[in-house]
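I opened this notebook to record what I looked up, beginning with a pocket and its lining and ending with the domains.

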Amino acid sequence: KGELRIQSLTFEDAGMYQCIAENTHGIIYANAELKIVASPPTFELNPMKKKILAAKGGRVIIECKPKAAPKPKFSWSKGTELLVNGSRIRIWDDGSLEIINITKLDEGRYTCFAENNRGKANSTGTLEMTEATRIILAPLNVDVTVGENATMQCIASHDPTLDLTFIWSLNGFVIDFEKEHEHYERNVMV
């Protein structure tokens, strides 16, 4: 197939490689550079978020994406407690930490540790729980004669520290109230 495979790369394998294809009609060349990348984990370019919000009873994924070569092994701690996979906690292969059924007890400082054969590094963020957003009054089915107006209501409760946005859609398509102001009108009650 004209394929070159190099296994167990070392720094000595780095350099310019040339492929020569030849037949009775002539000869052609193609060049490519092979760079060997090796670095200890670093969070300089992509640190963990300092503040992570998660809704009560919900699910959160805390990303851990250091730059490293080869790919590092990951571990997590909450405070001084080392975390392991369980019914509510899972450490993904890419280093992300998933927590489901969030409770107040999950709040705290989470640290991701990354280690490869070149070194190790860690990054820390704080998880805070917010009250889950809930629909208190959902829109009801409405029968209206053609040409008349219809009003639908939606009321929700939410964590007071967060903003709340209502998005209306028709048959799965979001309604743009600015473009369709002659047909739809939004009334926001505080």
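This is a predicted model: local features need pLDDT of at least 70, side-chain atom pairs count only at pLDDT 80 or more; totals for chains, interfaces and linings use all residues.

Entry one. I found its lining to consist of Asn-46, Pro-47, Met-48, Lys-49, Ile-52, Ile-61, Ile-62, Glu-63, Cys-64 and Lys-65. By class, I recorded six nonpolar residues, one polar residue and three charged residues in that lining. I noted the space in the second largest pocket as about 160 Å³.

Entry two. I then turned to the largest pocket, where the space comes to about 1100 Å³. I read that 26 residues line the largest pocket, and that Thr-151, Met-152, Trp-168, Glu-185 and Arg-186 are the closest to its centre. Which strands each supply at least two residues of this lining? I wrote down β14 (155–157) and β15 (169–170). I also recorded the classes in the lining of the largest pocket, which are 15 nonpolar, eight polar and three charged.

I next looked up how the chain is divided, and found domain 1 at 38–128 and domain 2 at 132–189. I noted that the centres of domain 1 and domain 2, taken over C-alpha atoms, are separated by 37 Å.

I consulted the UniProt record, an unreviewed entry, which places the feature "domain: Ig-like" at residues 1–35 and 41–128. Over residues 1–35 I recorded 0% helix and 51% strand, with the end C-alpha atoms 23 Å apart. Over residues 41–128 I recorded 0% helix and 56% strand, with 27 Å between the end C-alpha atoms.

Technical notes
Residues are numbered from 1 along each chain as its sequence is written. Side-chain values use heavy atoms; hydrogens and water are left out. UniProt positions are given in the numbering used here, feature names are shortened, and annotations may be inferred rather than shown by experiment. Helices (H or I, at least four residues) and strands (E, at least two) are DSSP runs, numbered from the N terminus. Domain bounds come from an automatic or database domain assignment. On a 1 Å grid over the protein atoms alone, a cavity is a set of points where a 1.4 Å probe fits but cannot get out, and a pocket is an open set with protein on both sides within 12 Å along at least five of seven lines; lining residues have an atom within 4 Å of a point. Grid points are joined across faces, edges and corners, and a volume is the space filled by probe spheres set on the points. Ala, Val, Leu, Ile, Met, Phe, Trp, Tyr, Cys and Pro count as nonpolar, Asp, Glu, Lys and Arg as charged, and the others, Gly among them, as polar.
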